[in-house]
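Here is a short briefing on one chain. Look over the sequence and the model before reading on.

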Amino acid sequence: MHGFRVYVWSAVDVDSGEILAIYASWSRSMLIALKFIKMVLDRCLNKPMIIVDGRPWYRWALDRLGLEYRYERFSLRNTFERFFRYLKERTRRFYNNINT
């Protein structure tokens, strides 16, 4: 409505469905991806296999950190796609119920 756009970054454990980290930013860039991935790694005991979509900022940040990653469009990514669908539904309901 007011032209504000916020990007939500999230990391989800694919095996357990546990949310490891959520971060909101005003933009998407390689440096923000690097910051977010470092935040996620602080919460991990080991270097995890990371599954990403095709955005270039992920690949740059993961290569820079020397982490193993895999590109996927479907299958395991469905876990956090469901999470984002739920998040969008909840925020839409919240937004529609606020009197301005």
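Which residues touch the most other members of the largest nonpolar core? In this predicted model, they are Trp9, Phe36, Val40 and Leu62, out of 16 core residues.

- Four elements each supply at least two residues of the core: strand E1 (7-12), helix H1 (30-41), strand E3 (50-52) and helix H2 (56-65).
- Helix H1 gives the largest share, with 6 residues.
- Beyond its neighbours within four places in sequence, Trp9 contacts a list of residues that includes Ala21, Ile22, Tyr23, Ser25, Ser27 and Arg28.
- That list also includes Ser29, Ile32, Ala33, Phe36, Trp57 and Tyr58.

**Aromatic pairs**
- How many aromatic pairs does the structure hold? There are 3.
- One of them joins Trp9 and Phe36: the ring centres are 6.0 Å apart and the planes meet at 40°, so the pair is tilted.
- Trp9 belongs to strand E1 and Phe36 to helix H1, so this pair ties together parts 27 residues apart in sequence.
- Trp9 and Phe36 are both buried.
- Why is the pair of Trp57 and Tyr58 edge-to-face? Its planes stand at 65°, and edge-to-face requires over 60 degrees. The ring centres of Trp57 and Tyr58 lie 6.3 Å apart.
- Trp57 has a relative accessible area of 14%, so it is buried.
- Tyr58 has 21% relative accessibility and therefore counts as partly exposed. The cut-off for buried is under 20%.
- Ring pairs connect Trp9, Phe36, Trp57 and Tyr58 into a cluster.

**Surface patch**
- Which residues form a nonpolar patch on the surface? They are Phe4, Val6, Val8, Ile19, Ile22 and Trp26.
- Together these residues have about 640 Å² of accessible area.
- Ile22, a patch member, sits in strand E2 (residues 19-25).
- At 45% relative accessibility, Ile22 is classed as partly exposed.
- Ile22 is also among the contacts of Trp9.

**Ser10 in strand E1**
- Ser10 lies in strand E1.
- Is Ser10 buried or exposed? Its relative accessibility is 17%, so Ser10 counts as buried.
- Apart from neighbours within four places in sequence, Ser10 contacts Ala21, Ile22, Phe36, Phe83 and Phe84.

Conventions: Residues are numbered from 1 along each chain as its sequence is written. This is a predicted model: local features need pLDDT of at least 70, side-chain atom pairs count only at pLDDT 80 or more; totals for chains, interfaces and linings use all residues. Side-chain values use heavy atoms; hydrogens and water are left out. A nonpolar core is a set of buried Ala, Val, Leu, Ile, Met, Phe, Trp, Tyr and Cys residues joined through side-chain atoms within 4.5 Å. Buried means under 20% relative accessible area, exposed over 50%, partly exposed in between (1.4 Å probe, protein chains only). Contact means heavy atoms within 4.5 Å. Rings of Phe, Tyr and Trp (its six-membered ring) pair if their centres lie within 6.5 Å; planes under 30 degrees apart count as stacked, over 60 as edge-to-face and the rest as tilted. Patches are made of residues with over 30% relative accessible area and no salt bridge: like charges are joined within 9 Å, nonpolar side chains (Val, Leu, Ile, Met, Phe, Trp, Tyr) within 5 Å. Accessible areas come from the Shrake-Rupley method with a 1.4 Å probe; for residues, only the protein chains shown count as cover. A salt bridge is a side-chain nitrogen of Lys or Arg within 4 Å of a carboxyl oxygen of Asp or Glu.
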